[in-house]
Amino acid sequence: MHTIQPEWQIMRDRLRLGWRGYAAAGVYAALVILVMLAARYQWSIGSVELANPYYLHNLTLIGINVILVASLNLVNGYLGEFAIGHAGFLAVGAYASSVVTLLFHQSFWVALPVGALAGAVVGYLIALPAFKTFGDYLAIVTLGFNMIIVNIIQNLEVIGGPRGWGGQPKMTSFWLVAVVAGLSLIILRNLVYSNYGRVWLAIRENEIAAEMMGVDVMRYKMIAFVIAAFFAGLAGALWAHYQQYIHPSSFTYLRTTDLLVMLYLGGMASLSGSVLGVTIMTVLLESLRGVLSQFNLAEWRMVISPLVLIVIMLTRPQGLMGNREFAFVPRREEVPRREPARG
Amino acid sequence: MNLLEVRNLSKRFGGLLAVADFNLDLPEGALYGLIGPNGAGKTTVFNLITGVYPPTAGSVKLAGRELVGLPAHRITQRGVARTFQNIRLFGGMTVLDNIKVAFNYRTGYHLWGAVLHGPGFNAREQAITEQAYELLRLFRLESRYDQLAKSLPYGEQRRLEIARALATNPRLLLLDEPAAGMNPREVGELVELIRWVREKFQLTVFLIEHQMRLVMNLCERIQVMDFGETIAEGTPAEIVDNRRVIEAYLGEEEGA
């Protein structure tokens, strides 16, 4: 019954990217290299610099936010829960990695995984009580956790307390963020297109039916939450060693809200949507900064993101890409190649 | 040899005794029915067997092993599958993915395999896809494989739910009002489908149903519940003549 697959097709199935995937990965890598070259040799068109430090700065922030929003999407998009404490894990990663570099004087390459693992461990400890609840209650538990983390940091003098904490070595560069964000997206995509992603969606669609399919619902929820916290911790470690200064006020629920706006704009359960949402919001807010300050309206910038959220909810509640991906992410289904069925 | 043995199963919700001393001996390969008026506690019995609720008292043994106290997903993994009275498909997922979810506890790869998408992972995923697709073919749903489950017509949703239950590789299949909302022609097809499924997958089947035609045609023995209690048990012929059953369904005769 099976038709024999040509060799290249077997290879393709093994990597499960398809030529569009390679094309996309190639374009992505080419763009990164181009930006690097442009920055290195200060290419310009006329008087416009192609990659001035300001653009690179924004691209770096986009990369870090992509990691944050794509991982948040696991819990809020695929699993369908409403967790609003993501900035808390960002804080854990940022401070844990800074402890490694500033207090223990270890290399950044030790601090980076430590930040991510610290996020995962704290995520596990939060998930244990948090997933005894769901819906609104889960939101409150995670929000409470976010506030607790910020309060703990403010009261720990050894890590700077309310004054913030600076002096981290500048180890995070645009290219590092580009590579880490790319790898994170590949890992998240692999997870989503596996049994794990399938089960998360099933839990979102109908928890009782999932349980009746033999799904250990609690376990799968924990896995999603811990993975999301892991990547938030990773982003925190990158961020601390990019800004070289961290302050408790950057990790409050306001930060989580920013991430949620990007997530909802891009669309739930869509990784390409997360990338899109982050990019649009960052570019929008940054370009408004210049425009608004010309009219002395700079503080109105903060009105924009709530406004965007309201407009999305009213006009396109599923977000730009809800439940869909760009074509270069392969379809979820790979149906067996066989003859048309009879009888 | 009895596949399922239920002894004195009871469930109390506050002041309401939803199920009282329910007993059942279900031989391997049997096809039994459970009937009763609305609110008699039939679905609660299913929920107790499958572990959705813990029983207040009693025991449920599958092939001699106790099920009470196990979490619901463990009971499914032991070989009990069910469908729901109000269809509970994964509406926003494709038809094929609905089936593939049932393989979650025997994928043959772990988190690392899923993160890396290595060769072992792809071989296992391919095998799961093929088994799921085969099941869709048996249920004549293969042409729908990439459509969202919620977009299927009602009858096909019912079929998909049965197919999904079978994908967990059960020994015992519990069907909760499989004919609800079906017209007479569809009920006829369903009777054939259930017979065929039981033959093909060598299953033991226990079903709840309101439509007498289906129950009388299909079931070897019937148990009747009313207000949580078992009021009759026997072959279909015995049940239709049973006085208490007639009273439960039609009400007592005035002054009799």
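B:Phe206 is buried, with a relative accessible area of 0%. This residue of the predicted model lies in strand S8 of chain B (residues 204-208). A search of the whole structure finds 17 aromatic pairs over all chains, and B:Phe206 forms one of the pairs described below, with B:Phe46.

**Aromatic pair in chain B**

- The ring centres of B:Phe46 and B:Phe206 are 5.8 Å apart and the planes meet at 45°, so the pair is classed as tilted.
- B:Phe46 belongs to helix H1 of chain B (residues 42-49), and 160 residues separate it from B:Phe206, so the pair links distant parts of the chain.
- B:Phe46 also counts as buried, at 0% relative accessibility.

**Aromatic pair in chain A**

- A:Tyr95 and A:Trp165 have ring centres 6.2 Å apart and planes at 20°, so this pair is stacked.
- The pair links distant parts of the chain, with A:Tyr95 in helix H4 (residues 86-103) and A:Trp165 in strand S3 (residues 165-166), 70 residues apart.
- A:Tyr95 is buried, its relative accessible area being 4%.
- A:Trp165 counts as buried at 11% relative accessibility, because the cut-off for buried is under 20%.

**Ring cluster in chain A**

- A:Phe89, A:Phe131, A:Phe145 and A:Phe225 are joined into a cluster by ring pairs.

**Charges over rings**

- In chain A, the charged end of A:Arg219 sits over the ring of A:Tyr220, at 5.4 Å from the ring centre.
- In chain B, B:Arg164 lies over the face of B:Phe90, and the distance to the ring centre is 4.6 Å.

**Domains of chain A**

- The domain assignment divides chain A into domain 1 (16-51) and domain 2 (57-253).
- The C-alpha centres of domain 1 and domain 2 of chain A are 28 Å apart.
- Domain 1 of chain A gives 6 residues to the contact, and domain 2 of chain A gives 8 residues.
- About 490 Å² is buried between domain 1 and domain 2 of chain A, with 70% of that area on carbon and sulfur atoms.
- The interface of domain 1 and domain 2 of chain A has 0 salt bridges by the rule applied.

Terms used: Residues numbered from 1 in each chain as written. Chains lettered and ligands numbered in written order. Predicted model: local features only at pLDDT ≥ 70, side-chain atom pairs only at ≥ 80, totals over all residues. Heavy atoms only, no water. Phe/Tyr/Trp six-rings, centres within 6.5 Å; stacked < 30°, edge-to-face > 60°. Helix = DSSP H or I, 4+ residues; strand = E, 2+ residues; numbered from the N terminus. Buried < 20%, exposed > 50% of the residue type's maximum accessible area, 1.4 Å probe, protein only. Lys NZ or Arg CZ within 6 Å of the ring centre and 35° of its normal. Domains from an automatic or database assignment. Contact = heavy atoms within 4.5 Å. Buried area = accessible area lost by both parts, 1.4 Å probe. Salt bridge = Lys/Arg side-chain N within 4 Å of Asp/Glu carboxyl O.
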